Amino acid sequence: MTSTPLPSEQTDEAGAPDRRRWFALAIVMTAAFMDLVDVTIVNIAIPSIQEHLGATFSSIQWITAGYALAFAAGLITGGRLGDIYGRKRLFLVGIGGFTLASALCGFAANPEMLVASRILQGAMAALMVPQVLSIVHATFPAHERGKVFGLFGAIVGLGAVSGPMLGALLTEWNLFGLEWRPIFLINLPVGIAGLILGSRFISESKAPKALRLDLIGVLLVTLGLLMLIYPLTRGEELDWPLWGHLSMVGSLAVFALFVVFERYKTRKDGSPLVELSLFKVKSFAAGIAVQLTFGVSLGIFFLVWTLYMQIGLGWSALRAGTTGIPFSIAVSLAAGLSVQKLVPRFGRKVLQAGALTMAAGLLLYIWEADRYGTAIHSWQMALPLVVMGLGMGLIVAPLTDAVLSEVPREHSGSASGLINTMTQMGNALGLGLVSVVFFGVIDDKLAPEAVGVAFVDAFQNALWWATAVLVVIFCLMFALPARPRVGMEGADEPAAVAPVVKEPVLTP
């Protein structure tokens, strides 16, 4: 078997660095941008979807949680498939499937079809997104990656700013009488272009040794996630039946069985779905725990934020979208400053400061929501949103550095898939918990004049929970490396040092 060239060996016929790598970078960045924007667009359009499709609150949760669940369940598999069959091949399959699923979402005739299409869209994103980090890692030498990941940070920020605005505009414009549907259909030309250009400019790369797909591992991890997330999402609506509690407890047994099987699979043929040896790396294990809990906090906040503004306060999609702009800008600015200036000097303390800053922003938001009630204005939300955005920006980019800095390159696909899986699993858990911390404190039958006050109270309750999770995150961060490790180019080079491309919900 011919081994895959090292990043520093990606050259043209004359021996010079292949200039096509920059075209490849633009293509994978566009795909990551499309994925990020799609999620933020969906959040801002939720009330319109609810109105025109007649979706229940449970359906609304599944439109977001279904995507996150499919994304989480498939990311590890997607990363492993890229290692086995080629990252370019899986990237093209993923972006093609994502484009098709976007079309199905756009033409959904009822809430059930939209939920199913969103689940398919999440599954296709799970094939596409893990390849982004791996393609960059296999294409660029170590000395160029700082510049590359700086561009990634800019793309993430641009997606955070443009996603809600684009979603708000497309929803408000009601193009061709399609209401919310253009938020999905806009992916079609972008996806088709990415498919055509990616097949031409992206170079193929695989893991340096032959691997096999762990189908039983895929089934076990998917089953465990479903047994945990589904009862959480439907529990409040179904009055918390006994089978739901048994399912959630049973999911722990399934995850335990998964670990046992992965150990057996490692001994048998060395091709487990999850490289359990990665968890022997302290920075990776601690970072994964932080990613999971961070996803829970984000999953809770961003969905209830949308419901609070558009249903509780009665704001339009455009007003809600513009309200979130200060947050998005603050995230982008703090992320760049964190990676380039602060982390190299202060290390782990920057991430911990970010967690405390986010918590402070949430507490400020709770105070304002209580003080101003339904009479609150957009400009009054700017201060807590900026504080929260600065805190999040201090965390998002350097956290991935801390997780991946000591991971061996041959496991880059598996590791990047696992990182994104934990974030998305946390996000799905947070979305499921919305039925407890938000809808759980709202009466089933509210008079129209009582909706605003009830949603304001529920919003504050949810923010207290999100704040508590951030305190847990702060404590977990003590297990991260005190200082970043600078990888050396060569055989033992770290897998990647990059922002996780998938930010579940940066804006309403």
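Buried means under 20% relative accessible area, exposed means over 50%, and partly exposed lies in between. The structure shown is a predicted model.

View 1. Cysteine 475 has 46% relative accessibility, so it counts as partly exposed. Cysteine 105 sits at 0% and therefore counts as buried. How many disulfides does the count come to? The count is zero. A disulfide requires a pair of cysteine sulfur atoms within 2.5 Å.

**View 2. Alanine 55 in the loop between α1 and α2.** Helix α1 covers residues 20-53, and α2 covers 57-85. Alanine 55 lies in the loop between them. Its relative accessibility is 6%, so alanine 55 counts as buried. Beyond residues up to four places away in sequence, alanine 55 touches Ile49, Gln50, Ile60 and Pro111. Leucine 114 is 59 residues away from alanine 55 in sequence. In space, the two are 9.8 Å apart, C-alpha to C-alpha.

**View 3. The largest nonpolar core.** This core has 119 residues. Phe284, Tyr308, Tyr365, Phe438 and Phe459 have the most contacts inside it. Helix α10, residues 282-312, supplies the largest share of this core, with 16 residues.

**View 4. Contacts of phenylalanine 284.** Which residues is phenylalanine 284 in contact with, leaving aside neighbours within four places in sequence? They are Leu278, Phe279, Val403, Val407, Ala415, Leu418 and Ile419.

**View 5. A second, separate core.** This core has 30 residues. Among them are Ala125, Leu127, Ile155 and Ile202.

Key
Residues numbered from 1 in each chain as written. Predicted model: local features only at pLDDT ≥ 70, side-chain atom pairs only at ≥ 80, totals over all residues. Heavy atoms only, no water. Helix = DSSP H or I, 4+ residues; strand = E, 2+ residues; numbered from the N terminus. Buried < 20%, exposed > 50% of the residue type's maximum accessible area, 1.4 Å probe, protein only. Contact = heavy atoms within 4.5 Å. Core = buried A, V, L, I, M, F, W, Y, C linked by side-chain atoms within 4.5 Å.
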